[in-house]
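Open the model in your viewer and keep the selection panel at hand. The stops below go from one selection to the next.

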Amino acid sequence: MAIGHNFTNKLERLHPTETKKMDVEKAFHMTGGVGKTSYAKNSSLQKKASDKVKHIIIQTVEELYLATTPKSIGIADLGCSSGPNTLSIIKDIFQTIQGISHKIMHHSTEFRVYFNDLPTNDFNSIFKALPEFHKLLRQDRKNGLPSIFMGGYPGSFYGRLFPNSYLHFVHSSYSLHWLSRVPPALYDEHKTPLNKGCVYICESSPSVVSQAYSLQFQEDFSLFLRSRSEELVVGGRMVLIFLGRRGPEHVDRGNSFFWEILSRSFATLVSQGEIEQDVFDSYDVHFYAPSKEEIEEEVKKEGSLKLERLEMFEMDKGEDGSESYGTQVAVAVRAIQESMISHHFGERILDSLFENYGRLVDEEMAKEDIRPISFVLVLRKI
């Protein structure tokens, strides 16, 4: 339902800290449906990145299955969102296990597949795609399919979701860089924002800002690891893919630079009188790009998961059709951030905001390449 103009004006008249008070679990979701700005239509960048490390997922699933040969295998996709990417991953996992089970003459495996995301996620788009998905799996299988049980599992993965020793394989793609909340330490005791003019860590951010984000990541990621350790069987595996940074510096020409460009896009709207400065100053993203060392430290502290693989990779930047790279990034970021931006500012700024954003990305790319990096982790329960 579109937010009306009167409601937007009311939002902008609120004190900035009032607009800030949003429950991430209730407000944050990828744009649902299959419309022009939906995540389903604008998640090709994530799909390209996942395809780049698909061989790691396949190899991990093969090793897991050969080591455990379960009669019933539990698989969870955490942060599944609402587009086609989650079913593509499940198909790859299914076909991998079917190929291995045929080779070792172990044909009785049933599949339990759990799609997890926050409660506001558009799970219906996944459910509507399941009949076609089952049809796809049945192709070229004369002896029928093993039993496959699929269901939605809403809730935050920063905490327990499943019973003890319930899962064999956990997959999460481009979700764990989203924090459970905007770090509360971004505000002083008078609720005044400390990171004015920036939506994430930037050159002008005081040191307390990067410290607040880093501490929130440590708290969230350690809770994620502890929770999954309880839910995995011994020998169970996880493959986690998320955004990060190359070294100790938080500000670089990688993932943080895309947030710098979003800050500039908001500043343009402030200069045009479209939004108020104090409303902009009170908007921060619940995002963090960790370093390799931060990831390794949290895994080490948790203790029951062995980090078997940690690799860094860059996404390819090939242009699709007539769309520039800036436009591709803009529609992808809009599909991800639209819910939070609409909640804070109202919907009417979205078109102009992301037109500015796409243009600025292209201008910066013409000057010097922007090189965001991702990490892929493989963890085993020991």
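Select helix 6 (residues 85-103) first: this helix lies across strand 1, strand 2, strand 3 and strand 4. Its direction is at about 160° to that of strand 2. Keep in mind throughout that this is a predicted model.

In what order do the seven strands of the open sheet run? The order is 3-2-1-4-5-7-6, with mixed pairing. Strand 3 (148-152) and strand 6 are the edge strands, each pairing on one side only. From one strand to the next, the twist averages 15°.

Now select strand 1 (residues 72-78). Strand 1 runs parallel to strand 2 (residues 110-116), and seven bridges join the two. To find one of these pairings, pick Leu78, whose bridge partner in strand 2 is Asn116. Strand 1 also pairs with strand 4 (residues 167-173), again in the parallel sense, over three bridges. Here Asp77 has His171 as its bridge partner in strand 4.

Move to strand 6 and strand 7, which run antiparallel and are joined by nine bridges. Lys306 has Arg380 as its bridge partner in strand 7. Show the side chain of Arg380 as well: Arg380 forms a salt bridge with Glu308, with the closest N and O atoms 2.6 Å apart. Glu308 lies in strand 6 (residues 305-314) and Arg380 in strand 7 (residues 373-381), so this pair ties together parts 72 residues apart in sequence. Both residues are partly exposed, Glu308 at 32% relative accessibility and Arg380 with a relative accessible area of 23%.

**Charged pairs in the helices**

The structure holds 21 salt bridges. Salt bridges that share partners join Arg253, Glu260, Arg264, Glu364, Lys367 and Glu368 into one network. Zoom in on Arg264 and Glu260, whose side chains meet in a salt bridge (3.3 Å, N to O). These two are four residues apart in helix 9 (residues 255-271), so about one helical turn separates them. Arg264 is partly exposed at 28% relative accessibility, and Glu260 is partly exposed with a relative accessible area of 26%.

Next select helix 11 (residues 292-302), where Glu298 and Lys301 are three residues apart, or about one helical turn. Their side chains meet in a salt bridge (3.1 Å, N to O). Is Glu298 buried or exposed? At 3% relative accessibility, Glu298 is buried.

**The interior**

Show the largest nonpolar core, which has 104 residues. Tyr200, Phe221, Phe224, Phe266 and Tyr357 touch the most other members. Centre on Phe224: leaving aside neighbours within four places in sequence, Phe224 is in contact with Leu78, Phe157, Tyr158, Leu176, Met238 and Leu240.

The last stop is Thr60, in helix 5 (residues 54-68). Thr60 is buried, at 3% relative accessibility. With neighbours within four places in sequence set aside, Thr60 is in contact with Phe169, Arg237, Val239 and Val378.

Notes: Residues numbered from 1 in each chain as written. Predicted model: local features only at pLDDT ≥ 70, side-chain atom pairs only at ≥ 80, totals over all residues. Heavy atoms only, no water. Pairing = 2+ DSSP bridges. Buried < 20%, exposed > 50% of the residue type's maximum accessible area, 1.4 Å probe, protein only. Contact = heavy atoms within 4.5 Å. Core = buried A, V, L, I, M, F, W, Y, C linked by side-chain atoms within 4.5 Å. Salt bridge = Lys/Arg side-chain N within 4 Å of Asp/Glu carboxyl O. Axes fitted to C-alpha atoms, helices over the stretch in contact; angles between N-to-C directions.
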